[in-house]
Amino acid sequence: MLSQQILNGITLGATYALIALGYTMVYGIIQLINFAHGEIYMVGAFVGVFMITVFQQGLVVSLAAAMLACVIMGVTIERFAYRPLRRSTRLAPLISAIGLSIFLQTLMTKIKGPQPIPFPHVMEDALYKLGPIEISKVQIIILVVASLLMAGLHFIVKYVKIGKAMRAASEDYDTSALMGINVNRVISFTFAIGSSLAAAGGVLVGLYFNSVSPFMGVTAGLKAFCAAVLGGIGSIPGAMLGGLFIGVAETLGIAGGFDTYKDAIAFTLLIIVLLFRPTGLLGRPIQKKV
Amino acid sequence: MDSIFSMFLNDYYIQVLTMLGIYLIAALGLNLITGVTGQLSFGHAAFLSIGAYTSAIISLKLQLPFVVALLAAGLMTAIWGILLGYPTLRLTGDYLGIATLGFGEIVRVVFLNMKITGGALGLAGIPRSTSLTMVIILVFITILAMFRLENSRFGRSLIAIREDEIAAEAMGINITKTKITAFALGTFFAGVGGGLYAHLIQYLNPQDFGFVKSFDFLAFIVLGGLGSIPGAILGTTVLTLAPEFLRFVADYRMMIYGLLMVFMMIVRPRGLLGGVKLSRLFAKKKVQTTGTSASGGAN
């Protein structure tokens, strides 16, 4: 059923979008592809599991705790692994990010073992019928949480002072510094927001697929990154659009019998879009200056 | 000569050194693309896998000599390099990197689904034809070729493209053609490296050529000093041998390896040999190196 598949795709896409937002905001300001972002998402999922199993907390508290933990982690990573490299060549922080990603993955494997662990049972799942389509309680939770977070992000970026500073810094880093914006604080804040969204994504995906593993950040991170670029990297609505687009395309691809090619669908789409729109769907064209 | 090596070194060292040689050949190929020409490539492992599978299939199905298989691996990979490069090299900077990253993942998934490559089970039973002597000779040929290439008219136009594409074009360099040639040459070496790899490990699995491997190669050349041939050699050697030396810490090996990458980058952001001219170090007259020497790399 087509409408059912589209709904499933949107649910999956919403989680991609949550991760993609972190990539796109960081890239928008410091032009860094933060390859450790997928690992932050993975750690977020584990913190969620930890809160539920060890501290017996509900989903809301666990989600908040995972987001908070990842905020601290994201800001720390930026401070110690990226900030010293801000004025060096573009590839230096990228390699630093890859090193961090390897570190976090093996650290988590050491703590929890390489096998995926099931997401603890937090509530009874139920199916609701909406005309021809069925929607599960988990799907509703994912869609509601993701929409709330994205609406919150939109509010911050559009109306709050620090959000305006973020937009200014992504428009022109040096000029915004000259205008008295504390760019370091803006960047820390960007990492904080991006990491918290990724953590929320991690917990929601764990809940949806009922599985959390130290390697879950690799593919999900890569696909979310794909979504960010597809939508136009640096553009916040672009990341949301890209995430939904890839989620729906992937679900439809699987339903259409391409399930063994599942992981290639996002990248094929990405290359095709880049060939026709080199800066993504909602990206601004690059100006070449002599 | 291999018998001499086996007199002094045990099988483990021979295996590690042969692997290092293979990585050197592939890394020097990437250095030509990313270091010298400044074109980001995040899909180098995919080119390695194309070479590896091509040579393995030629050895297994057609039973042709190893030399033929290696050459075919290089050529096949270069052809794919051109096929990918032609549409994508118009993209600039990070977007090119992203497109090559996507290409790498697509290649991996396609190999996982093809019959002739053995799919997810992998391809086993490849004859062991790669020897340390052969790899050492090929490494020297590669290094020599890279030095000759860099100091040729073509090599200078590559550096010109890296430094300023528009200025290079104004000087009459055919940007697209030059970039694609560099891409084809770089991927050729990746293909040869892949062929050697296949005939050393004797088993191929698409999962061994994921994007993590591509980033390993990128880390090799960036840590060594982007655009510098001695840098690429040093970076590859340090990062290939580090996990072997770290075996004593067992489970913490990759953790330390990851932190080592971060630490080395922060201490020397331009790479171990970035901005260092070896010829100047050895010259009698000490010339003060200024910060203006070419920093290299994709900007």
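**View 1. Asp263(A) is partly exposed, at 22% relative accessibility.** Here, partly exposed lies between buried, under 20% relative accessible area, and exposed, over 50% (1.4 Å probe, protein chains only). Asp263(A) forms a salt bridge with Lys223(A), with 2.9 Å between the closest N and O atoms. A salt bridge is a side-chain nitrogen of Lys or Arg within 4 Å of a carboxyl oxygen of Asp or Glu. The pair links distant parts of the chain, 40 residues apart: Asp263(A) is in helix 11 (residues 262-276) and Lys223(A) in helix 9 (residues 216-231) of chain A. Helices are DSSP runs (H or I, at least four residues), numbered from the N terminus. Lys223(A) is buried, at 4% relative accessibility.

This is a predicted model, in which local features need pLDDT of at least 70 and side-chain atom pairs count only at pLDDT 80 or more, while totals for chains, interfaces and linings use all residues. Residues are numbered from 1 along each chain as its sequence is written, chains are lettered from A and ligands numbered from 1 in the order in which they are written, and side-chain values use heavy atoms, without hydrogens and water.

**View 2. Glu78(A), Arg83(A) and Arg86(A) are joined into one network by salt bridges that share partners.** The side chain of Glu78(A) meets that of Arg83(A) at 3.1 Å, N to O. Between Glu78(A) and Arg86(A), the closest N and O atoms are 2.5 Å apart. Glu78(A) is buried, with 0% relative accessibility, and Arg86(A) is partly exposed at 21%. Over all chains, the structure holds 11 salt bridges.

**View 3. Gln31(A) has a positive phi, near 50°, in a residue other than glycine.** Gln31(A) is found in the loop between helix 1 (2-30) and helix 2 (37-54) of chain A. The relative accessible area of Gln31(A) is 36%, so this residue counts as partly exposed.

**View 4. Gln56(A) is another residue, not glycine, with a positive phi, near 55°.** The loop that holds Gln56(A) lies between helix 2 and helix 3 (59-82) of chain A. Gln56(A) is exposed, at 63% relative accessibility.

Note on methods
Helices (H or I, at least four residues) and strands (E, at least two) are DSSP runs, numbered from the N terminus.
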